[in-house]
Amino acid sequence: MTQQVPSTEPELAGVRNFRDVGGLPTVDGRRVRHGVLFRSGHLAHATGEDAAFLTTLGLHTIFDFRNAADQKLEGPDVELPGVRNVNLPLSDPADGAEFWKMVRDGDLDQLRAILADGKGADRMIASYRMIVKERTGEHSRVLHALAQDSVPALMHCAAGKDRAGLSVAVTLLAVGVEREAIVEDYLKSNAKHRRYKVHRSSSVASAYSPEVMELLSPLFDARAEYLQTAFDTIEETWGGVDAYLEKGLRLSPETRERLRERLLD
């Protein structure tokens, strides 16, 4: 009888885009340790079985990067026994509230006006640039917490691809993970079973027509150009990753070494 090996990436019923970031290679030949850094979409709809699985991970801290508007729309995270929940919004509650209402409620002409001709992708690129430049305090807090005691950790936002994707990418940069491996992990959010489920208010078939879904796709895709914007912004603003970590995120060499000790094999 063949022994069933448990999946390292279970498909949870009420949590999208969950995965262990372990195994990614660093530039100096090490690898991210399995079981210390996880990422996902929000936990508001986690089932009892999902929560039971998450409890087995031995999590110390869950970092929730959603804002108040997100939490009002989706609900608070399920509470896991003995796990610390830290909410660090990476976008302002008012930022784009009308925009996201249009995404959910707007008709085809309205969606064309705000998303067609590259405007959807441009919005995402601008958002990534803003988060890198203006949310250094939040990213610094996450990395210092990880270096001190906050592992194993789970990072999530709503879909688990943008705000969580950036925060995971920054963490991986800090411990020296290869750039290509960071991008490859980021792009895994495009897999069909991981993607955020687009919610539109109307129940009529045209609300999810091919043209509507095409217009919305830049908002719900993980695109290499978005993450490249983050890398380029680091270079343009600080002159490189080391300077970004030292001057932007206030990470000392000692803190970076503690991060490597906690996160790498």
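Of the contacts in the chain with a separation of 6 or more, 76% are between residues 24 or more positions apart, where contact means heavy atoms within 4.5 Å. This is a predicted model, so local features need pLDDT of at least 70 and side-chain atom pairs count only at pLDDT 80 or more, while totals for chains, interfaces and linings use all residues. Residues are numbered from 1 along each chain as its sequence is written, and side-chain values use heavy atoms, with hydrogens and water left out.

The secondary structure comes to 12 helices and five strands. Buried residues make up 53% of the 265 in the chain; buried means under 20% relative accessible area, exposed over 50%, and partly exposed in between, with a 1.4 Å probe and protein chains only.

For strands to count as paired, DSSP has to find at least two bridges between them. To get your bearings, S40 has H156 as its bridge partner in β5, and F63 stands opposite M155. In a regular strand the side chains alternate between the two faces of the sheet. Here both faces of β5 are covered: A153 and M155 are buried on one side, L154 and H156 on the other.

Now walk off the end of that strand. The loop between β5 (153-156) and α7 (163-174) holds K161. Is this lysine buried or exposed? K161 counts as buried, because its relative accessibility is 3%. Its side chain makes a polar contact with the side chain of D162 at 2.7 Å, and also reaches the backbone oxygen of L219 at 3.1 Å. A polar contact here is a pair of N or O atoms within 3.5 Å; within protein, one must be able to donate a hydrogen and the other to accept it, and residues adjacent in sequence count only if both atoms are side-chain atoms. Leaving aside neighbours within four places in sequence, K161 is in contact with a list of residues including N17, R39, Y128, Y186 and D221.

Next comes α7 itself. After α7 comes G176, with a positive phi near 85°.

On to the rings. A pair of aromatic rings is described by the distance of the centres and the angle of the planes. Rings of Phe, Tyr and Trp (its six-membered ring) pair if their centres lie within 6.5 Å; planes under 30 degrees apart count as stacked, over 60 as edge-to-face and the rest as tilted. The structure holds six such aromatic pairs. One of them is F18 with F53, edge-to-face at 5.7 Å centre to centre and 90° between the planes. That pair links distant parts of the chain, 35 residues apart: F18 is in the segment before β1 (19-20) and F53 in helix α1 (residues 48-55). F18 is buried, at 4% relative accessible area, whereas F53 is partly exposed at 24%. The rings of Y128 and Y226 are tilted, because their centres are 5.6 Å apart and their planes at 50°. Y128 lies in helix α5 (residues 119-134) and Y226 in helix α10 (residues 224-238), so this pair ties together parts that are 98 residues apart in sequence. Both tyrosines, Y128 and Y226, are buried. F18 turns up again in one aromatic cluster with F38 and F53.

Last, the backbone. Most residues other than glycine have a negative phi, and most peptide bonds are trans. N17, in the segment before β1, has a positive phi near 65° and is buried at 3%. R250 has a positive phi near 60°, but counts as exposed at 61%. The peptide bond from V151 to P152 is cis, with omega near 0°; P152 lies in the loop between α6 (136-148) and β5.

Technical notes:
Helix = DSSP H or I, 4+ residues; strand = E, 2+ residues; numbered from the N terminus.
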